[in-house]
Amino acid sequence: MRLFLFTDMAILQPLVDLAAICYAQGVRHVVVSPGSRSAALTLAFTRSGRFTLHVCMDERSAGFIGLGIAQQTGVPVVLICTSGSAVYNFAPAVSEAFFQQIPLVVISADRPKEWLHQYDGQTIYQSEIFGKHIKRSFEFSADYRHADVLWAIKRMSNEAVTLAATVPMGPVHINVPIREPFYPASGDEMVPSANLKIIKRQSAEKILAPDVWNTLLDEFEEYPKILVAAGQHLPDHELSEVLNKISEEWDIPVLADSIANISGLNIIRYHDLFLASKNAGQLVPDLLITFGLSFISKDFKQFIRKNPPRAHWHIGEDAFLADPTQSLTRTIPVPASYFFKNLFEKIDYKLFTENADPDTDSAFLRNWSASNAGSEQIMHAYISKLSTLSDITSLDLLFKCINRVFQLHVANSMSIRYINVLDIGTNIRSVFCNRGTSGIDGCVSTAIGAALVNEEETLLVVGDVAFMYDRNGLLINSLPQNLKIVVINNAGGNIFRMIDGPSGLPEIETYFETRHAFSAKRTCEDSGIAYFSCREPALLEFSVQAFLENKGISLLEIFTDPYENEKVWKELRRLGREQ
């Protein structure tokens with residue numbers, strides 16, 4: 001057996017094979033942050049000639065660009081960076097991908113372990129650097145001399161990519177210690193090994209056994225008041241269709257946050273405005289069925305905590321038992337589309353054969369629908385009377401002016417809360433927001449990544465602080481021309497005026513809102529983005545129309561008053577509670 005397969009060659013064959021394995025496993029997009037120690041990795045993917053490469057100098061933004069691409073494609077995206085603190089800058093995107101279940105393959109170059117604590121540059125503890133915010137961490141050997149090492153590297157390469165794509169999806173990390181020399185000589189070719197082993201993971205359909213269905217159907221019939229509630233979920237037309245049928249034919253209300261991407265005329269959308277009202281007691285379900293990831297609506301979670309149902313089923317293939325409403329009684333680990341489609345078919349068939357009507361309480365749906373319709377009317381009537389330029393009036397007019405289909409991305413903090421109570425119209429095809437960790441970092445870069453691959457017009461709504469926090473994502477060479485950005489500039493963290501606690505503190509302006517006088521104009525100049533702005537109510541519609549009609553990537557910055565925003569938001573909430 002040959003034990004010494006490699007000498008001081010600058011072509012690091014296992015890394016060339018890593019790139020080839022990633023391609024064979026379905027990876028097509030690679031986001032690279034430049035560095036020296038990572039040169040062998042970068043060149044392995046670049047010289048393959050088969051990947052779409054995206055270069056971003058800031059690893060924090062690069063991580064979220066990769067997240068946005070993977071979010072849209074459902075396929076793992078490779079992130080490459082050099083050693084040292086560069087790796088840590090992927091952490092916000094990695095944690096967001098972990099909790100939002102988005103597949104990323106993070107590949108970090110490293111120094112060999114013997115150089116730790118030897119005053120060698122860019123040398124830190126990189127093994128398992130992401131802690132528990134990763135599906136699994138892998139580490140290659142720095143020495144490729146033994147055949148077993150080469151076998152292990154190829155096995156880990158296959159395992160890492162397939163694991164990232166295994167439901168529930170998520171990020172994996174491959175740490176790659178690299179010895180010098182790692183720059184190839186002129187004329188060196190990077191060719192994958194012959195007969196490279198590709199290990200495929202066979203997907204399996206998750207279904208429920210007949211006896212499980214019988215148990216569920218018997219229990220389902222025990223509850224006259226049933227509520228279906230949808231958390232964050234990818235767009236799914238078939239799922240929307242069957243939920244609308246369930247609501248219409250069985251008199252079951254279906255509540256959906258904006259990021260649930262459930263469409264239909266009968267969907268309960270304005271729950272953030274009425275669940276804290278004095279009449280909400282008539283809305284308590286006997287059975288709550290939830291699916292999806294996180295809920296934006298704090299009012300919904302608090303409502304269920306205070307009024308727990310007799311039973312609560314959660315549908316989903318989560319790796320963890322999540323119970324944010326503190327009411328869970330049963331988890332059903334199958335896809336939501338499978339569950340509701342089969343539930344409808346089985347109960348519909350039973351009702352047909354028995355010539356019977358559903359036993360659900362029709363008044364329960366009427367109560368929910370009345371509260372929803374009432375809140376919608378209150379919201380529209382209130383906004384129509386406002387003459388000032390505020391966050392809410394700006395966004396309301398924006399959505400009224402949109403006359404073509406957009407994919408909507410929304411930043412955290414107040415931006416997503418506004419979207420969850422406003423009428424965003426029928427031209428918004430889908431809504432995305434980084435609610436895995438709900439941080440403000442990365443929202444711009446995520447939208448950029450999505451727009452690079454989704455082949456549709458993309459709109460980002462973002463606050464000023466979140467925009468400035470992530471504007472390095474705009475420094476990539478080829479910005480997507482199908483992206484439009486609306487920055488609501490209220491000169492600071494306006495959310496701290498809206499929530500209980502900090503709003504009454506004397507330190508709010510300095511230490512919570514972080515007052516500033518910055519704008520997005522110079523960022524747009526640096527990045528070649530068409531810039532529009534508005535400071536006057538009378539000019540808002542003109543500014544919005546000009547922004548929307550502009551060809552190519554553009555940004556509209558709307559300047560609003562934080563004190564006016566506070567007054568408008570709190571009054572809208574008060575009106576909703578008093579209906």
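Reply: Pro168 sits in the loop that runs between α6 (147-164) and β6 (171-177). Helices (H or I, at least four residues) and strands (E, at least two) are DSSP runs, numbered from the N terminus. The peptide bond between Val167 and Pro168 is cis, with omega at about -5°. The model is a predicted one, in which local features need pLDDT of at least 70 and side-chain atom pairs count only at pLDDT 80 or more, while totals for chains, interfaces and linings use all residues. Residues are numbered from 1 along each chain as its sequence is written, and side-chain values use heavy atoms, with hydrogens and water left out.

A cis bond also joins Glu180 and Pro181, where omega is about 0°. Pro181 belongs to the loop between β6 and α7 (210-220).

His117 has a phi near 60°, a positive value in a residue other than glycine. Most residues other than glycine have a negative phi. The loop that holds His117 lies between β4 (104-110) and β5 (136-139). His117 counts as exposed because its relative accessibility is 62%. The classes are buried for under 20% relative accessible area, exposed for over 50%, and partly exposed in between (1.4 Å probe, protein chains only). Asn261, which is not a glycine, likewise has a positive phi of about 60°. Asn261 is placed in the loop between β8 (254-256) and α9 (271-274). With a relative accessible area of 12%, Asn261 is buried.

Next come the charged pairs. Side chains of opposite charge can pair when their charged atoms come close. Searching the whole structure gives 20 salt bridges, a salt bridge being a side-chain nitrogen of Lys or Arg within 4 Å of a carboxyl oxygen of Asp or Glu.

Arg404 and Glu457 form a salt bridge, and their closest N and O atoms are 2.4 Å apart. Arg404 is in the loop between α13 (391-401) and β12 (406-410), and Glu457 is in the loop between α15 and β14 (458-463), so the pair ties together parts 53 residues apart in sequence. Arg404 is partly exposed, at a relative accessible area of 25%, and Glu457 is partly exposed at 26%.

Glu219 forms a salt bridge with Arg330, with 2.8 Å between the closest N and O atoms. Glu219 is buried, with a relative accessible area of 14%, whereas Arg330 is partly exposed, with 29%. Asp299 and Arg573 also form a salt bridge, their closest N and O atoms being 2.8 Å apart. Here the linked parts of the chain are distant, with Asp299 in helix α10 (residues 298-306) and Arg573 in helix α21 (residues 562-577), 274 residues apart. Both Asp299 and Arg573 are buried.

Thr446, in helix α15 (residues 443-453), is buried, with a relative accessible area of 3%. Beyond its neighbours within four places in sequence, Thr446 is in contact with Phe64, Leu67, Gly68, Gln71, His409 and Asn434. Asp464 lies in helix α16 (residues 464-469) and is buried, with a relative accessible area of 3%. The C-alpha atoms of Asp464 and Val487 are 5.9 Å apart, and the two residues are 23 residues apart in sequence. Again leaving aside neighbours within four places in sequence, the contacts of Asp464 include Val487, Ile488, Asn489 and His516.

Terms used. Contact means heavy atoms within 4.5 Å.
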